[in-house]
Amino acid sequence: MVLDRRTQIFIWVAWFAVFPIGLWTAYKISPPTHFYHHFDFLVTTGLSCIVALIPIVVNQIPFSVTQWLTLFVFLKYGLFAEVILAQIITFIVLLRLRLPKEKRYNFPLNSIMFMIVSLVSGAIFYIFGGEHVQAGNLTINFVVLAGLYMASYFIINQILFTGAFSFLYKTRKPLITKAFLWEGLIHLIAFPVGITLFFLYDLVGVSSFLLVGAPIISTQLILLKYNTSKEINQYLQKAVETGHRLTERLKFEEVLNTFIDHLLNMFPADYLYIFDDMNDDRLQAVRCYENGKFITRKFSLIKKGVGIIGQVWATGQFAFYRDKQQWKNINTEGIPDEMESVLVVPIIKNNAVSGVLFLGTQIKVEYQKYHLMILDILCSYLAVALENVRHYEQTKKESERDPLTKLYNARVCRRKLRDGFNRLHTGKIKCISLLMLDIDYFKSINDQYGHQSGNEILIQMSDLLREIVGNRGTLTRYGGEEFIIILPDVKKEEAIQMGESIRQTIENFSFYMHDNLADERKTISTKITVSIGVASAPADTDNAISLIRYADRALYLGAKRVGRNKVAEYVG
């Protein structure tokens with residue numbers, strides 16, 4: 001979420017007013033104590049910056065563990081020194097996040113909040129009689145007041161953060177969350193560490209930073225490595241789950257939608273594009289996602305070997321950019337200028353690049369190199385799933401279509417008819433009619449000119465019927481020279497009229513075929529007629545199989561037996 005420009009300006013103006021006043025107030029309340037040494041404070045600041053750059057990640061939430069250092073600085077050098085250190089740590093932590101330009105208001109916002117936290121918690125320490133003493137003069141009262149300071153620091157920080165979030169973003173945020181509990185635990189652990197450092201400093205000086213800091217930093221690095229490994233394992237588990245979900249999908253759109261949904265849940269992405277390698281050797285964007293919604297975007301011409309996407313397309317190698325400075329000079333495809341971090345991964349099928357996946361965010365250094373490995377696995381799953389879809393569609397087409405005419409076959413005819421009757425019985429349509437069409441004297445064509453000539457007639461007949469029927473019904477080849485036309489929501493009278501129109505059109509049409517039995521193969525023009533039987537539901541029956549039987553009966557008894565080239569209706 002991003003605040004509006006007016007609110008951002010207000011935050012910056014407030015910071016320019018509050019920051020100098022806060023520094024002045026801190027100095028007046030507690031200037032640097034007589035224990036203050038420039039070199040020691042610089043060492044503390046350097047150590048704090050190192051610790052701030054190595055957060056502990058719990059449940060994908062980063063936590064800073066510098067509290068033990070700010071406690072030490074406050075107890076040793078006073079409130080003013082702690083305010084300076086807290087502001088530096090805040091700046092370092094936010095700098096590490098590499099916030100985009102529109103979110104840089106977080107710098108003054110957090111600076112103001114930590115300034116208030118430092119001043120109020122320090123004031124509580126002093127109000128209850130807290131003083132800055134040597135470690136040799138430690139008393140139970142001093143430790144209790146130091147604990148009070150630490151607790152105040154934590155509680156005020158949480159209240160301010162929750163209140164500011166709810167006020168600025170108009171969203172209610174609960175105070176007690178998992179992050180709240182983890183932050184409290186970190187403060188609880190940091191307290192004895194800070195007291196220990198305070199005590200050791202008076203005994204061994206600057207060496208105490210090494211004695212206390214080295215184990216803590218080492219522990220942070222180990223935890224960071226552990227969290228990275230754990231995160232990779234989580235990504236791998238999600239990738240496998242995504243692969244399983246993709247293999248369950250049997251339609252192109254479903255595969256892409258499932259892939260994108262899982263991808264957006266796994267990776268931060270303000271921009272996501274999927275390009276497919278078309279048959280004419282060009283990339284086409286089949287999905288474009290920008291800032292939370294799918295859009296239609298036209299990219300500049302993508303050429304192999306040219307531009308960010310073109311290079312990945314040509315080489316089959318990943319592209320990984322941490323910020324815009326690394327890719328802006330090779331952007332020839334019209335990628336949005338607001339983008340910073342970029343990942344581009346080839347989609348490889350049969351050892352060839354069949355597409356390209358593009359991910360981008362508006363935050364610098366958002367992606368890690370191990371993300372490439374995860375995306376490579378996901379793209380492999382995607383390529384396999386899309387290939388399965390193509391095979392499925394091809395197999396389905398072959399199982400549903402007549403290989404000669406490419407019309408639906410008898411099995412699909414019966415299924416479509418059952419679906420029509422289901423709609424009829426549920427009231428979605430009022431009636432359903434069926435035309436059964438048979439080519440007259442078709443056997444004589446096969447006998448005189450050969451079966452190949454008969455096939456030529458069947459193909460032309462199918463094309464003609466397809467043109468006549470259009471989207472008014474379902475056209476199928478039922479077998480041999482028989483065709484069935486299913487007409488949902490068409491009354492019997494209308495079906496008879498349509499049948500007569502079909503009969504006349506065919507009668508007036510000139511068919512062409514080759515004489516495949518003659519010594520010299522030549523083209524012959526011929527006239528063809530058809531006989532048609534018509535039946536309708538619920539007028540004639542309420543059963544799908546009966547409807548076919550009744551249309552067949554009308555065809556042979558009402559049309560074929562009385563001279564052919566006729567349309568006959570079923571009469572029960």
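Two strands count as paired if DSSP finds at least two bridges between them. The model discussed here is predicted.

Q: What makes β14 and β15 a pair?
A: The cut-off is at least two bridges. Three bridges join β14 (residues 530–537) to β15. The two strands therefore pair. They run parallel.

Q: Why is β15 called an edge strand?
A: β15 (567–569) pairs on one side only. So does β10 (474–479), the other edge strand. The open sheet has five strands, in the order β10-β11-β9-β14-β15, with mixed pairing. Its twist averages 20 degrees from one strand to the next.

Q: Which helix lies across β9, β10, β11 and β14?
A: Helix α15 (residues 451–469) does. It runs at about 10 degrees to β11 (482–488).

Q: Why are α2 and α4 called roughly parallel?
A: Helix α2 (residues 38–52) and helix α4 (residues 79–97) pack at an angle of about 30 degrees. The cut-off is under 35 degrees. The two helices are therefore roughly parallel to each other. Their axes lie 9 Å apart, and the crossing is right-handed.

Q: How do you know which residues bring α2 and α4 together?
A: Contact means heavy atoms within 4.5 Å. On that basis, F41, T44, T45, S48, C49 and A52 in α2 meet A81, I84, L85, I88, I89, I92, V93 and R96 in α4. These contact residues divide into 10 nonpolar, three polar and one charged.

Technical notes:
Residues are numbered from 1 along each chain as its sequence is written. This is a predicted model: local features need pLDDT of at least 70, side-chain atom pairs count only at pLDDT 80 or more; totals for chains, interfaces and linings use all residues. Side-chain values use heavy atoms; hydrogens and water are left out. Axes are lines fitted to C-alpha atoms, for helices over the stretch in contact, and angles run from 0 to 180 degrees between N-to-C directions. Helices (H or I, at least four residues) and strands (E, at least two) are DSSP runs, numbered from the N terminus. Angles under 35 degrees count as roughly parallel, over 145 as roughly antiparallel, 65 to 115 as roughly perpendicular and the rest as oblique. A crossing is left-handed if the near helix is turned anticlockwise from the far one by less than a right angle, and right-handed if clockwise. Ala, Val, Leu, Ile, Met, Phe, Trp, Tyr, Cys and Pro count as nonpolar, Asp, Glu, Lys and Arg as charged, and the others, Gly among them, as polar.
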